[in-house]
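Here is a short report for a reader meeting this structure for the first time.

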Amino acid sequence: MAMTPVPTALLQGASNFRDVGGYRNAAGRCVRRGQVFRSDHLAGLTPEDLVRLASLGIGHSLDFRGAAESTATPYAIPGVQRLALTIEPTVIARMQALVAQGIVPTTEETVALMEETYRDFVNHNAITFGRFLKHLLEQPTPQVFHCTAGKDRTGFAAALLLSALGVDRATIEHDYLLTNQLYKRDNRLEGSGHPHVMKVLWQVQPEFLHAAFEAVDQQHGGIQAYLNGAIGLSPQELAELQQMLLED
(Lines give C-alpha, C1' and ligand atoms only; values in the text may rest on other atoms or scores of the structure.)
Protein backbone atom coordinates (compact mmCIF):
# COMPACT_ATOMS: atom_id res chain seq x y z
CA MET A 1 0.00 0.00 0.00
CA ALA A 2 1.70 3.20 -1.18
CA MET A 3 0.76 6.49 0.40
CA THR A 4 1.65 9.86 -1.02
CA PRO A 5 3.41 12.32 1.29
CA VAL A 6 1.52 15.13 2.96
CA PRO A 7 1.33 17.82 0.27
CA THR A 8 2.87 21.23 0.70
CA ALA A 9 0.52 24.20 0.55
CA LEU A 10 -0.14 25.01 -3.09
CA LEU A 11 -2.32 28.05 -2.45
CA GLN A 12 -2.13 30.87 0.09
CA GLY A 13 -5.86 31.55 0.23
CA ALA A 14 -7.14 27.96 0.38
CA SER A 15 -5.91 25.81 3.25
CA ASN A 16 -7.07 22.34 2.21
CA PHE A 17 -6.14 22.38 -1.49
CA ARG A 18 -4.39 19.28 -2.81
CA ASP A 19 -3.96 16.94 -5.74
CA VAL A 20 -6.04 13.77 -5.50
CA GLY A 21 -3.49 11.97 -7.66
CA GLY A 22 -0.40 10.00 -6.70
CA TYR A 23 -2.05 7.06 -4.95
CA ARG A 24 -1.67 3.52 -6.27
CA ASN A 25 -4.67 1.24 -6.58
CA ALA A 26 -4.93 -2.45 -5.76
CA ALA A 27 -3.69 -3.36 -9.25
CA GLY A 28 -0.59 -1.17 -8.87
CA ARG A 29 -1.79 1.55 -11.25
CA CYS A 30 -1.29 5.16 -10.18
CA VAL A 31 -3.93 7.90 -10.05
CA ARG A 32 -2.76 10.60 -12.44
CA ARG A 33 -1.46 13.79 -10.88
CA GLY A 34 -2.46 17.20 -12.13
CA GLN A 35 -5.98 16.19 -13.18
CA VAL A 36 -8.27 16.40 -10.15
CA PHE A 37 -7.81 18.62 -7.11
CA ARG A 38 -9.79 18.98 -3.88
CA SER A 39 -10.03 22.10 -1.75
CA ASP A 40 -11.88 24.13 0.80
CA HIS A 41 -13.87 27.10 -0.54
CA LEU A 42 -12.15 29.24 -3.16
CA ALA A 43 -13.41 32.67 -2.11
CA GLY A 44 -10.16 33.80 -0.46
CA LEU A 45 -7.66 33.27 -3.25
CA THR A 46 -4.83 35.77 -3.71
CA PRO A 47 -3.66 37.11 -7.10
CA GLU A 48 -0.74 34.69 -6.83
CA ASP A 49 -3.20 31.84 -6.25
CA LEU A 50 -5.08 32.75 -9.42
CA VAL A 51 -1.82 32.57 -11.37
CA ARG A 52 -1.12 29.20 -9.77
CA LEU A 53 -4.58 27.85 -10.70
CA ALA A 54 -4.10 29.06 -14.26
CA SER A 55 -0.72 27.28 -14.42
CA LEU A 56 -2.44 24.05 -13.32
CA GLY A 57 -4.84 24.40 -16.25
CA ILE A 58 -7.94 24.09 -14.07
CA GLY A 59 -11.01 24.76 -16.18
CA HIS A 60 -13.89 23.83 -13.85
CA SER A 61 -14.70 24.12 -10.16
CA LEU A 62 -17.33 21.76 -8.79
CA ASP A 63 -18.97 23.42 -5.79
CA PHE A 64 -20.81 21.23 -3.27
CA ARG A 65 -21.77 24.14 -0.98
CA GLY A 66 -25.35 24.93 -0.05
CA ALA A 67 -27.17 28.04 -1.25
CA ALA A 68 -26.47 30.18 1.83
CA GLU A 69 -22.81 29.17 1.88
CA SER A 70 -22.32 30.09 -1.76
CA THR A 71 -24.07 33.43 -1.24
CA ALA A 72 -21.98 34.26 1.84
CA THR A 73 -18.64 33.56 0.14
CA PRO A 74 -19.08 33.85 -3.63
CA TYR A 75 -16.17 33.69 -6.02
CA ALA A 76 -15.40 34.09 -9.70
CA ILE A 77 -12.11 32.83 -11.10
CA PRO A 78 -11.06 33.97 -14.57
CA GLY A 79 -11.03 31.04 -16.97
CA VAL A 80 -12.70 28.69 -14.49
CA GLN A 81 -16.33 27.65 -14.94
CA ARG A 82 -18.13 27.00 -11.64
CA LEU A 83 -20.70 24.21 -11.48
CA ALA A 84 -23.04 24.15 -8.49
CA LEU A 85 -23.51 20.61 -7.14
CA THR A 86 -25.57 21.78 -4.19
CA ILE A 87 -25.67 19.66 -1.04
CA GLU A 88 -27.09 21.56 1.91
CA PRO A 89 -25.15 21.21 5.22
CA THR A 90 -27.89 19.34 7.08
CA VAL A 91 -25.83 18.58 10.19
CA ILE A 92 -25.66 22.31 10.95
CA ALA A 93 -29.43 22.59 10.66
CA ARG A 94 -29.90 19.63 12.98
CA MET A 95 -27.48 21.15 15.47
CA GLN A 96 -29.30 24.49 15.38
CA ALA A 97 -32.61 22.74 15.98
CA LEU A 98 -31.21 21.06 19.09
CA VAL A 99 -29.74 24.31 20.41
CA ALA A 100 -33.07 26.06 19.82
CA GLN A 101 -34.64 23.48 22.12
CA GLY A 102 -32.02 24.21 24.76
CA ILE A 103 -30.21 20.92 24.11
CA VAL A 104 -26.43 20.85 23.93
CA PRO A 105 -25.38 17.58 22.30
CA THR A 106 -22.55 15.63 23.87
CA THR A 107 -19.39 14.82 21.93
CA GLU A 108 -20.75 11.32 21.32
CA GLU A 109 -24.09 12.67 20.07
CA THR A 110 -22.29 15.09 17.77
CA VAL A 111 -20.20 12.26 16.34
CA ALA A 112 -23.41 10.27 15.81
CA LEU A 113 -24.93 13.25 13.95
CA MET A 114 -21.88 13.41 11.69
CA GLU A 115 -22.10 9.67 11.01
CA GLU A 116 -25.75 10.14 10.05
CA THR A 117 -24.70 12.97 7.71
CA TYR A 118 -22.31 10.60 5.94
CA ARG A 119 -24.98 7.95 5.60
CA ASP A 120 -27.16 10.65 4.06
CA PHE A 121 -24.42 11.37 1.53
CA VAL A 122 -24.63 7.74 0.44
CA ASN A 123 -28.40 7.35 0.49
CA HIS A 124 -29.82 10.79 -0.29
CA ASN A 125 -27.14 12.60 -2.31
CA ALA A 126 -26.08 9.81 -4.69
CA ILE A 127 -27.48 11.60 -7.75
CA THR A 128 -25.40 14.70 -7.00
CA PHE A 129 -22.24 12.68 -6.42
CA GLY A 130 -23.01 10.82 -9.64
CA ARG A 131 -23.12 14.16 -11.48
CA PHE A 132 -19.72 14.92 -9.95
CA LEU A 133 -18.13 11.74 -11.34
CA LYS A 134 -19.80 12.18 -14.72
CA HIS A 135 -18.51 15.75 -14.97
CA LEU A 136 -14.97 14.57 -14.30
CA LEU A 137 -15.42 12.08 -17.13
CA GLU A 138 -16.93 14.59 -19.56
CA GLN A 139 -14.32 17.33 -19.08
CA PRO A 140 -10.75 16.32 -19.89
CA THR A 141 -9.22 19.53 -18.50
CA PRO A 142 -8.07 19.56 -14.85
CA GLN A 143 -10.83 20.25 -12.31
CA VAL A 144 -11.13 21.18 -8.63
CA PHE A 145 -13.99 20.17 -6.34
CA HIS A 146 -14.78 21.71 -2.98
CA CYS A 147 -17.30 22.61 -0.29
CA THR A 148 -16.72 25.08 2.56
CA ALA A 149 -13.98 23.33 4.53
CA GLY A 150 -13.22 20.66 1.94
CA LYS A 151 -13.72 17.96 4.55
CA ASP A 152 -17.14 16.27 4.53
CA ARG A 153 -18.94 16.62 1.20
CA THR A 154 -15.54 16.98 -0.47
CA GLY A 155 -14.08 14.19 1.66
CA PHE A 156 -16.80 11.76 0.65
CA ALA A 157 -16.51 12.82 -3.00
CA ALA A 158 -12.76 12.13 -2.91
CA ALA A 159 -13.37 8.76 -1.23
CA LEU A 160 -15.93 7.88 -3.88
CA LEU A 161 -13.61 8.87 -6.73
CA LEU A 162 -10.64 6.97 -5.32
CA SER A 163 -12.91 3.95 -4.72
CA ALA A 164 -14.02 4.09 -8.36
CA LEU A 165 -10.35 4.08 -9.35
CA GLY A 166 -9.68 0.95 -7.28
CA VAL A 167 -7.73 2.54 -4.42
CA ASP A 168 -7.96 0.56 -1.17
CA ARG A 169 -9.87 1.95 1.79
CA ALA A 170 -6.87 2.33 4.09
CA THR A 171 -5.26 4.65 1.54
CA ILE A 172 -8.55 6.50 1.05
CA GLU A 173 -8.82 7.00 4.81
CA HIS A 174 -5.25 8.34 4.86
CA ASP A 175 -6.18 10.95 2.25
CA TYR A 176 -9.40 11.77 4.09
CA LEU A 177 -7.64 12.37 7.42
CA LEU A 178 -5.10 14.77 5.88
CA THR A 179 -7.77 17.45 6.34
CA ASN A 180 -6.95 17.53 10.07
CA GLN A 181 -3.42 18.63 9.19
CA LEU A 182 -4.23 20.93 6.29
CA TYR A 183 -7.51 22.74 7.03
CA LYS A 184 -7.16 26.04 8.88
CA ARG A 185 -10.33 26.76 10.81
CA ASP A 186 -12.12 30.03 10.08
CA ASN A 187 -14.37 31.37 12.84
CA ARG A 188 -16.19 33.61 10.37
CA LEU A 189 -17.47 30.57 8.52
CA GLU A 190 -17.98 28.22 11.45
CA GLY A 191 -20.33 30.31 13.53
CA SER A 192 -20.49 29.97 17.30
CA GLY A 193 -21.12 26.92 19.40
CA HIS A 194 -19.92 24.89 22.33
CA PRO A 195 -16.20 24.06 21.93
CA HIS A 196 -16.63 20.28 22.22
CA VAL A 197 -19.31 20.36 19.51
CA MET A 198 -17.33 22.64 17.19
CA LYS A 199 -14.26 20.45 17.55
CA VAL A 200 -16.20 17.50 16.18
CA LEU A 201 -17.89 19.50 13.41
CA TRP A 202 -14.71 21.06 12.04
CA GLN A 203 -12.44 18.05 12.04
CA VAL A 204 -12.74 14.65 10.43
CA GLN A 205 -12.76 11.28 12.19
CA PRO A 206 -12.38 7.77 10.74
CA GLU A 207 -15.82 6.92 12.13
CA PHE A 208 -17.49 9.40 9.75
CA LEU A 209 -16.04 7.75 6.66
CA HIS A 210 -16.63 4.27 8.10
CA ALA A 211 -20.34 5.12 8.44
CA ALA A 212 -20.48 5.98 4.73
CA PHE A 213 -18.68 2.83 3.65
CA GLU A 214 -20.87 0.68 5.91
CA ALA A 215 -23.94 2.17 4.20
CA VAL A 216 -22.41 1.45 0.79
CA ASP A 217 -21.65 -2.15 1.74
CA GLN A 218 -24.75 -3.03 3.77
CA GLN A 219 -27.44 -1.10 1.91
CA HIS A 220 -26.09 -1.05 -1.64
CA GLY A 221 -24.16 -4.31 -1.99
CA GLY A 222 -20.64 -2.85 -2.08
CA ILE A 223 -18.86 -0.12 -4.00
CA GLN A 224 -19.21 -1.64 -7.46
CA ALA A 225 -22.97 -2.09 -7.11
CA TYR A 226 -23.29 1.39 -5.60
CA LEU A 227 -21.39 3.04 -8.46
CA ASN A 228 -23.41 1.19 -11.10
CA GLY A 229 -26.70 1.61 -9.19
CA ALA A 230 -27.45 4.65 -7.04
CA ILE A 231 -24.55 6.71 -8.41
CA GLY A 232 -25.62 5.93 -11.97
CA LEU A 233 -22.23 5.24 -13.53
CA SER A 234 -22.46 2.51 -16.16
CA PRO A 235 -19.72 -0.14 -16.32
CA GLN A 236 -18.52 1.50 -19.55
CA GLU A 237 -18.40 4.96 -17.94
CA LEU A 238 -16.52 3.54 -14.97
CA ALA A 239 -14.00 1.91 -17.28
CA GLU A 240 -13.60 5.21 -19.17
CA LEU A 241 -13.06 7.11 -15.91
CA GLN A 242 -10.37 4.61 -14.91
CA GLN A 243 -8.74 4.86 -18.32
CA MET A 244 -8.68 8.66 -18.05
CA LEU A 245 -7.39 8.97 -14.49
CA LEU A 246 -5.11 5.94 -14.07
CA GLU A 247 -1.64 5.35 -15.46
CA ASP A 248 0.65 2.35 -15.25
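Buried means under 20% relative accessible area, exposed means over 50%, and partly exposed lies in between (1.4 Å probe, protein chains only). Helices (H or I, at least four residues) and strands (E, at least two) are DSSP runs, numbered from the N terminus. The model is predicted, so local features need pLDDT of at least 70, side-chain atom pairs count only at pLDDT 80 or more, and totals for chains, interfaces and linings use all residues. Residues are numbered from 1 along each chain as its sequence is written, and side-chain values use heavy atoms, with hydrogens and water left out.

**Helix H1**

Helix H1 covers residues 47-56, and Asp-49, Leu-53 and Leu-56 are buried in it. These residues lie on the same side of H1 because they cover an arc of only 60° around the axis. That arc is taken from the directions from the helix axis to the C-beta atoms. Pro-47, Val-51, Ala-54 and Ser-55 sit on the other side of H1 and are exposed. Strand E3 (36-39) is among what covers the buried residues of H1; contact here means heavy atoms within 4.5 Å. Just after H1 comes Gly-57, with a positive phi of about 75°.

Strand E4 spans residues 60-63. His-60 and Leu-62 point one way, Ser-61 and Asp-63 the other, and all are buried. Two strands pair if DSSP finds at least two bridges between them. E4 pairs with strand E5 (residues 81-84) in the parallel sense, over 4 bridges. There, Gln-81 of E5 stands opposite His-60. From E4 the chain crosses through helix H2 (residues 67-72) to E5, in a right-handed β-α-β crossover. Right-handed means that, with the strands pointing away from the viewer, the path from the first strand over the helix to the second runs clockwise. E4 also pairs with strand E6 (residues 143-146), again parallel and over 4 bridges. Asp-63 has His-146 in E6 as its bridge partner.

**Salt bridges**

Side chains of opposite charge can pair when their charged atoms come close. A salt bridge is a side-chain nitrogen of Lys or Arg within 4 Å of a carboxyl oxygen of Asp or Glu. The structure has 11 of them. Some are listed here.

| Pair | Closest N and O atoms |
|---|---|
| Asp-175 and Arg-18 | 3.6 Å |
| Arg-65 and Asp-63 | 2.8 Å |

Arg-82 in E5 and Asp-63 in E4 are 19 residues apart. Arg-82 is partly exposed, at 37% relative accessible area. Asp-63 is buried, at 0%. Arg-18, Arg-38 and Asp-175 are linked in a network of salt bridges.
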